[in-house]
Amino acid sequence: MRKIEVLILTGALTFGLMACGKSTAVNTEVVDAAVVEDISEEETEDIQEEVPEEEIPLADPSVDLDLTAMSSTMIYAEVSNMMMEPLEYAGKTVKMEGICGTYQDPDTGKMYYACVIQDATQCCSQGLEFVLDEDKYSVEDYPAQGDEIEVKGTFATYEENGGQYLTMLDSQLIDK
Amino acid sequence: MEKLIMYLGFPFVRYALIVGVLIALCSSLLGVTLVLKRYSYIGDGLSHVAFGALAIATVLNLTNKMIIILPLTILAAILLLKNGNNSKVKGDAAIAMISVGALAFGYLLMNVFPSSANVSGDVCSTLFGSTSILTLTKEEVIICGILSVCVLVVFVLFYNRIFAVTFDENFANAVGTKVNFYNLLIATITAVIIVLAMNLVGSLLISALVIFPALSAMSVIKSFRGVTIFSAASSVICAFIGIIISILGGTPVGSTIVAVDVVMFLICFVIGKVKG
């Protein structure tokens with residue numbers, strides 16, 4: 001009888017472990033597009049009953065690094081590694097999606113735009129600056145702060161005011 | 001499966017798996033000793049000390065923070081474990097004292113002397129280890145690898161002595177074993193593993209990495225050697241599965257590994273009860 005009770009308990013525990021939650025958050029604060037800065041603000045949560053399975057599309061063969069085809073954990077880790085080892089990614093085409101962050105330099109008035117992503121715990125964010133292809137886009141075509149965007153560009157580094165920064169050059173906005 | 005194969009093509013994923021498995025292996029081996037010596041919560045205490053040391057290193061703007069973190073954590077471990085069962089301030093009170101003090105001072109320092117725009121985010125990331133294991137530099141991987149191998153070698157070489165000191169310090173002392181030395185050794189190894197494990201599961205979840213594999217093993221195995229081997233195997237498997245699930249599912253690495261450890265414990269607990 002004791003073993004039967006244990007087996008019933010096992011079944012109940014297994015059933016209980018089948019329920020999991022998944023939460024998502026949207027980040028809408030301003031970020032510095034030229035350097036990686038962390039922001040944290042959670043707006044919404046969407047709880048689902050089943051074990052979370054991210055619907056991740058297949059990788060785009062036209063780019064070297066398709067971050068849209070990765071899980072959120074991998075995206076954050078990959079962007080972190082791009083920040084730490086920029087020379088290994090220089091010249092590679094990158095595609096990523098996230099929230100548009102904007103920053104205006106108070107001294108020069110220059111606008112910077114970035115695609116911002118969050119880590120799995122939603123407490124940290126990273127952004128990668130992008131500059132749209134001047135042949136195809138004008139200043140008005142840049143997205144607004146907080147817009148969900150998908151952007152593709154060539155990863156590069158540049159120096160400005162004595163600092164080294166990372167960006168995606170000749171970028172294109174991809175319609176979702 | 002194709003997605004997993006693609007992810008395994010990234011060097012930082014391979015580094016994470018290698019280092020994660022090594023850390024899980026080392027922590028499980030020490031976990032058996034710590035659980036039996038009633039020092040289960042020392043992982044938490046030392047991880048908070050490491051957090052405090054990390055805060056000091058961050059304030060000092062050190063490139064290699066291990067210079068501060070490792071010695072301070074080892075010092076704390078020695079203070080807590082060196083005297084074994086004969087210390088004036090007993091294990092749980094000593095751990096609590098050092099743990100909360102270090103955590104409070106660490107967070108205070110990081111707020112008074114912030115090194116980044118988002119202190120809370122940095123603290124959260126350190127405490128829960130969401131992607132730390134996936135952002136290791138090559139140098140950090142090499143250091144982790146060397147330290148893990150050293151811990152394994154020490155454990156294998158001194159297995160019998162560690163076994164004796166774990167079960168009965170007074171008897172071990174009576175037969176000539178240098179109990180204080182081996183307590184010191186256990187303390188040092190524990191500190192090293194805690195510092196390494198912070199990269200894997202974060203400061204708050206380290207205790208799980210130490211406790212759950214040992215408890216899972218004790219639920220089904222009765223001999224010390226069997227418990228040690230089972231603990232090591234289950235810890236490695238759970239860490240591997242946890243990392244894979246987190247990169248595929250987009251979940252925080254640390255908590256995913258701990259969740260898998262919990263499931264393993266429940267399975268072993270049930271098996272142990274059924275076996276009788």
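Colleague: In this predicted model, which strands does S4(A) pair with, and in what sense?

Modeller: S4(A) pairs in the parallel sense with strand S6 of chain A, residues 163-173, over three bridges, and in S6(A) the residue that partners Leu132(A) is Ser171(A). On the antiparallel side, strand S3 of chain A, residues 111-118, is joined to S4(A) by five bridges, with Ala114(A) standing opposite Glu129(A).

Colleague: How many residues of strand S4 of chain A are buried, and what may I conclude from that?

Modeller: A residue counts as buried when 20 or more other C-beta atoms lie within 10 Å of its own. In S4(A), which covers residues 125-132, seven of the eight residues are buried, so the strand is largely enclosed by the rest of the structure.

Colleague: Where is Asn161(A) located, and is Asn161(A) buried or exposed?

Modeller: Asn161(A) is in the loop between strand S5, residues 148-160, and S6 of chain A, and its phi, near 50 degrees, is likewise a positive value in a residue other than glycine. With 9 C-beta neighbours inside 10 Å, Asn161(A) counts as exposed.

Colleague: Turning to helices, what span should helix H2 of chain A have, and which of its residues are buried?

Modeller: An α-helix has 3.6 residues a turn, so residues three or four places apart point the same way. At 1.5 Å a residue, the 13 residues of H2(A), residues 72-84, should span 18 Å, and the end C-alpha atoms are 18 Å apart, which agrees. The buried residues of H2(A) are Ser72(A), Thr73(A), Met74(A), Ile75(A), Tyr76(A), Ala77(A), Glu78(A), Val79(A) and Met82(A).

Colleague: How many helices and strands does chain B have, and what does its radius of gyration say about the fold?

Modeller: Chain B has 13 helices and zero strands. For 276 residues a compact globule would have a radius of gyration near 19 Å, and chain B, at 18 Å, agrees with that expectation; along its principal axes the C-alpha trace spans about 55 × 45 × 30 Å. Buried residues make up 52% of chain B, and among its contacts with a separation of 6 or more, 76% are between residues 24 or more positions apart.

Colleague: Which residues of chain B does UniProt annotate as "transmembrane region", and what do the spans look like in the model?

Modeller: The unreviewed UniProt entry gives that annotation to several spans of chain B, including residues 93-113 and 253-272. In the model, residues 93-113 of chain B are 95% helix and 0% strand, with end C-alpha atoms 30 Å apart, while residues 253-272 of chain B are 100% helix and 0% strand, with end C-alpha atoms 28 Å apart.

Key
Residues are numbered from 1 along each chain as its sequence is written. Chains are lettered from A and ligands numbered from 1 in the order in which they are written. This is a predicted model: local features need pLDDT of at least 70, side-chain atom pairs count only at pLDDT 80 or more; totals for chains, interfaces and linings use all residues. A residue is buried if 20 or more other C-beta atoms lie within 10 Å of its own, exposed if 12 or fewer, and partly exposed in between; C-beta atoms are placed from the backbone. Helices (H or I, at least four residues) and strands (E, at least two) are DSSP runs, numbered from the N terminus. Two strands pair if DSSP finds at least two bridges between them. The expected span of a helix is 1.5 Å times one less than its number of residues. UniProt positions are given in the numbering used here, feature names are shortened, and annotations may be inferred rather than shown by experiment. The radius of gyration is taken over C-alpha atoms; the globule rule is 2.2 Å times the number of residues to the power 0.38. Two residues are in contact if their C-beta atoms, placed from the backbone, lie within 7 Å.
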